[in-house]
Each structure stands twice: as C-alpha cells, then as structure tokens.
Amino acid sequence: MTRRAVARTLVYLSLLGATVVVLLPPAVVFLTSLKSDEEMANGGGALTLPENPLHFGNYVTAFQDGRMLAAFGNTAFILLFAIGGTVLIGSMTAYAIDRFTFRFKKLVVALFLIAALVPGVTTQVATFQIVNSFGLFDTRWAPIVLYMGTDIVSIYIFLQFVRSIPISLDESARLDGANAFTVYRKIIFPLLKPAIATVVIVKGITVYNDFYIPFLYMPSEDLGVISTSLFRFRGPFGAHWETISAGAVLVILPTLVVFLLLQRYIYNGFMKGATR
C-alpha cells in the first residue's frame, strides 16, 4: 500500500509539474497583455498582476494597427481551400490505394512513407522555383497548393479508416451498377466522417499556426496571415511587449476555443483509425 501511495503521489506531482510548464507561458503572455506602458517601463516580475485587470487598450491597438482583421480573413481563405483540398485528395488517394490493385502499388506506398521522412526545408529551393514558375508567388494560392500537396499524414489517417470499412459494401454497390466514383461518393466518403473531423482539426491547427510558408511565399503586407502579421509587430512595436502579447492572445484564442470544443473528435478519430 505504501508503494502504491508513493507511486500515485509521484504521478500526480508529475502531472502537476507538466501542467505548470504548459500553462505558465500563456499565463505570462496574458498578464503582460493587460499591463500599461508605465507598468512595463517600471519593470517587475513576469507574473506580476496588472494594476487594471480590465485594461484592454493593448488589444485594440494590436487589432487595428496590426491589421489583424485582414490577417484573419486571409487565414480563413487559406484554411477553407487547403483543408477542403486535403480532405478530397487524401480520401481519394486512400480509397485508391486500399481498394484498387495496380502495378507498383507497394512502391507508391513506400514513396509516400519516404516523402513523409524527408525534411521539407531540404526541398524548398526546388519548391520555390516550381511555385514561381506557375505564377503563384505572392498570392494566396501558393500556400494552399503547398498545404494540399504535402500532407502525407492525412493520407495515412484516411487509409486506416478506409481499411476498416468492409469491402462487402463496395461489392453490394457494384452489383447495383455503381461505378468506382459512385462507391466512393455515396459509401466510402460518408463513412469517413470521424477521419474527416480528425484531419480537419489537426490540419486546421497546423495551417493556422504555420509561419514559414506564408512568410516565404506571401511577402506582401496585404496578404499577411495571423502568424506573419504578429511577426511584423516587431517593427513598430519592437519594444512594446504589452502590445505584442495582446496580439499573441488574439492569435491563440481561436485555436484554444476550437480545440476545447472539438478535442473529443481528435481522440476518437485517432483511436478508431488505429483499429479495424
């Protein structure tokens, strides 16, 4: 009993320590965003409470001067098309790999795996040349195309779900005269709702938080997304950490709300996709 109590205590202490490590940085950012210029100039600890906990002037400055509304609009546009394309391409690819027999099938699957292991930064020169040659540089379509065409993880998530769907459903539809695309559209795709929810959430958070691709392929300020718009605060607000922190909170809030509302779909999606 003593060993069990000690083990349980250690478990709770480790969980408490992990919680503190995870929540401490957001807490510091939030407290800083509520402080005035005078408070930041006078110094003080990072966890010092603001004199006025309802001081939201920094949020107004970050939202207006940081052009956050336009950044949210650009981000939403990219999210809509990138996630939609990822769902269609990933589900169709998984359906073709699992349901059809063709030459070099194992080689194709192996190449997908190899592509997932290759660091993306090593191919950026060639990728940039391709994007530029298609005239997509400095447009919102550049990150959309890149997000749709480089998501190998989503294909494997869909593949696990497609394998859990009985082939007998396909055969029954074929007996009724359905072709391959009809089987996919009316049988396979509707049964992939858990996988779609998982991919939408995971891919959405990845695209929302990404900085490298929008910064490299959309240098114009009017095409800024939330990550690059927040980065540009370092210019006019280089020393005003209270304004930068307010912008960071504005960026964090949407993903936090979405994750808290839809986290059960993430867990259920990964668990269902791991079994047949």
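Student: In which helix is the place of asparagine 74?
Tutor: Asparagine 74 is in helix 4, residues 68-99. Helices here are DSSP runs of H or I with at least four residues, strands are runs of E with at least two, and both are numbered from the N terminus. This is a predicted model, in which local features need pLDDT of at least 70 and side-chain atom pairs count only at pLDDT 80 or more, while totals for chains, interfaces and linings use all residues. Residues are numbered from 1 along each chain as its sequence is written, and side-chain values use heavy atoms, leaving out hydrogens and water.

Student: Why does asparagine 74 count as buried?
Tutor: Buried means under 20% relative accessible area, exposed means over 50%, and partly exposed lies in between, with a 1.4 Å probe and protein chains only. Asparagine 74 has 7% relative accessibility, so it counts as buried.

Student: Which residues does asparagine 74 touch, not counting those up to four places away in sequence?
Tutor: Asparagine 74 touches Arg140, Asp222, Leu223, Gly224 and Val225. Contact means heavy atoms within 4.5 Å.

Student: What makes the salt bridge between arginine 99 and aspartate 98?
Tutor: The definition asks for a side-chain nitrogen of Lys or Arg within 4 Å of a carboxyl oxygen of Asp or Glu. The closest N and O atoms of arginine 99 and aspartate 98 are 2.4 Å apart, so the pair meets the definition. Arginine 99, at 17% relative accessibility, counts as buried, and aspartate 98, at 22%, counts as partly exposed.

Student: How many salt bridges does a search of the whole structure find?
Tutor: The search finds three. Asp98, Arg99, Arg163 and Asp170 are linked in a network of salt bridges.

Student: Which residues have the most contacts inside the largest nonpolar core?
Tutor: They are Ile78, Phe158, Val183, Ile188 and Leu192, in a core of 48 residues. Helix 4 gives the most to this core, with ten residues. A nonpolar core is a set of buried Ala, Val, Leu, Ile, Met, Phe, Trp, Tyr and Cys residues joined through side-chain atoms within 4.5 Å. Leaving aside neighbours within four places in sequence, isoleucine 188 is in contact with Tyr95, Arg99, Val162, Ile165, Asp170 and Val183.

Student: Why is phenylalanine 189 called partly exposed?
Tutor: Phenylalanine 189 has 28% relative accessibility, so it counts as partly exposed. This residue is found in helix 10. Not counting residues up to four places away, phenylalanine 189 touches Val87, Ser91, Tyr184 and Ile196.

Student: Which residues are buried in helix 3?
Tutor: Asn58, Tyr59 and Ala62 are buried in helix 3. They cover an arc of only 100° around the axis, which puts them on the same side of helix 3. The arc is that of the directions from the helix axis to the C-beta atoms. The face turned away from the buried side carries the exposed residues Gln64 and Asp65.

Student: What is the phi of phenylalanine 104, and is the residue buried or exposed?
Tutor: Phenylalanine 104 has a positive phi of about 65° although it is not a glycine. Most residues other than glycine have a negative phi. Phenylalanine 104 lies in the loop between helix 4 and helix 5 (105-117), and at 54% relative accessibility it counts as exposed.
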